[in-house]
Amino acid sequence: MAIGVVAGIVLAAIVALIGLFKLMWRVAEPNEALVISGSTHKTEGLGQGMGFRIVTGRGTLVLPGVQAVRKLSLDLNETQLSVDCVTHQGIPLRVKGVVIFKVGDDLVSIANAARRFLDQQKMMPERVHIVFAGHLRSIVGGLTVEDMIRDREKLTGQTRMACGTEMEKLGLIVDSLQIHEIEDPTGYIKNLAMPHAAAVQRDARIAQAEANRLATEAEQAAFARMAEATRDSEILQAGYQAERDKAAATARQAGPLSEAAARQEVVVQETRVAELEAHRREQQLQADVRKPADAAAYETRTRAEAERDARISAAQAKARETELAAAAEATRVTTAATADAQAVEARGIASAKATRATGEAEAAATQARGLAEAESAKAKGLAEAEAIKARAAALAENQEAVVAQQLAENWPAIVEAGAGAFGNVEHMVLLNGAEGMSEMFAKALTMGGTGLGVARQLLASMGQAPAPGTPSPAAPPVNGRIPIREE
């Protein structure tokens, strides 16, 4: 009885111990860390007085009521990035990406994460988004759109590098950062790609056109080869057909050709017979006709040559006779012509001498007349000069008398010149009758009187003009007119 009681007590104690052990023993899963607080256990890598310890991947005893156990997930987390940024060029963009992160496996990272996210583990993606959004805006602000498009890895690396320190303080590590889309509300990227797209489209069209050209050339070459093969085949067929036709024609003409050959042989034999007959006739003609004819022709030719030689001899004798007669006649004519030429020369010399004597006599007479006329002109000139000199002296003494005399001598010419103004008048109407006629003649006479006054004034001005040295006499009138001397 006592033994049973003892056994029951022992069994109860064992069960109690097992229950207490299970209550105190905690095991950390592979994807979590146990954060045990309420003890002064020192964790490697942590500073003094942290007041908690960290257990990962193993079990540990926890004193209920003394220590508190909490779990920190070490699973992967992700946050979607959608950040509005402005590039270095001032172009607004929206960068979309994803960040995959987790709590670090080392105790320091777990401790940092436990201090910040132990009760707010669901807030990790939001906090990470805030961190990455700020750094992403800063990095994009220093880049151009072209840099972001051409080197997206550079953007990712700079962002991870910039966020590394802060993520380490948060106890988090970034497993992956991917920028998978850059939205451009202004269309800058589209416009930037248009030249390249146009160039690619152009190259594609050129390549397509080149391919079409090559295909067309290949098709045309194939068609040409087909046509060439067809031509060669038709030529061969035509050649074969011609050979067949020729063979058939030869076969058809075999009979007529045999007959023609036999006929030709007959004709050849007949031709030879005819030639022999002709040769025989020619020989007969040679003997019967040609030889007698040649004899007669030789006789005739010999007689003709003899007659010709006789006529030639007679003609040569006649020509010699004529030549001698002509020479005699030429000698006679030459002698007579020489005599006539000498007579004509004598007559010419006599005529020339007579003409020369006559010319010399006429020249002497002409010279005598010229001298007489010159002496007469000289005497006349001297007389006129004396008359002019006397007239000038008279003009110097009595100008009015000389002018009056000149006007009187030339009055008819003066009146005629004055009346010349009326020479072309066909009809003249005179007013006041005889009185008008008197007035008209009075005006004409007045013109002459005016001329007289002008002449007097000119003579007076010439007479009063001083002259250096001895006063020069007045210039003699020329052709009945008194010249005016200009100084």
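**Working through the model**

Colleague: Is Ser-109 buried or exposed?
Modeller: Ser-109 counts as buried because its relative accessibility is 10%. Buried means under 20% relative accessible area, exposed over 50%, and partly exposed in between, with a 1.4 Å probe and protein chains only.

Colleague: What are the ground rules here?
Modeller: This is a predicted model: local features need pLDDT of at least 70, side-chain atom pairs count only at pLDDT 80 or more, and totals for chains, interfaces and linings use all residues. Residues are numbered from 1 along each chain as its sequence is written, and side-chain values use heavy atoms, with hydrogens and water left out.

Colleague: Back to the serine. Where is Ser-109 placed?
Modeller: Ser-109 is in helix α2, residues 107-117. Helices (H or I, at least four residues) and strands (E, at least two) are DSSP runs, numbered from the N terminus.

Colleague: Which side chain does Ser-109 join in a polar contact?
Modeller: That of Asp-106, at 2.7 Å. A polar contact is a pair of N or O atoms within 3.5 Å; within protein, one must be able to donate a hydrogen and the other to accept it, and residues adjacent in sequence count only if both atoms are side-chain atoms.

Colleague: And what does Ser-109 touch, leaving out residues up to four places away in sequence?
Modeller: Val-103, Gly-104 and Gly-171. Contact means heavy atoms within 4.5 Å.

Colleague: New topic. How many residues are in the largest nonpolar core?
Modeller: It has 26 residues, and those with the most contacts inside it are Val-99, Val-103, Phe-132, Met-167 and Leu-172. Elements giving two or more residues to this core include β7 (92-103), α3 (124-141), α5 (152-169) and β8 (172-183). The largest share, 5 residues, comes from α2. A nonpolar core is a set of buried Ala, Val, Leu, Ile, Met, Phe, Trp, Tyr and Cys residues joined through side-chain atoms within 4.5 Å.

Colleague: Why are Glu-299 and Arg-303 separated by about one helical turn?
Modeller: Because they are 4 residues apart in helix α6, residues 188-397. Glu-299 counts as partly exposed at 40% relative accessibility. Arg-303 is exposed, at 53% relative accessible area.

Colleague: Which residues are linked in a salt-bridge network?
Modeller: Glu-210, Arg-213 and Glu-217.

Colleague: Last one: how many helices and strands in the protein chain?
Modeller: The chain has 9 helices and 8 strands. Of its 487 residues, 17% count as buried.

Technical notes. A salt bridge is a side-chain nitrogen of Lys or Arg within 4 Å of a carboxyl oxygen of Asp or Glu.
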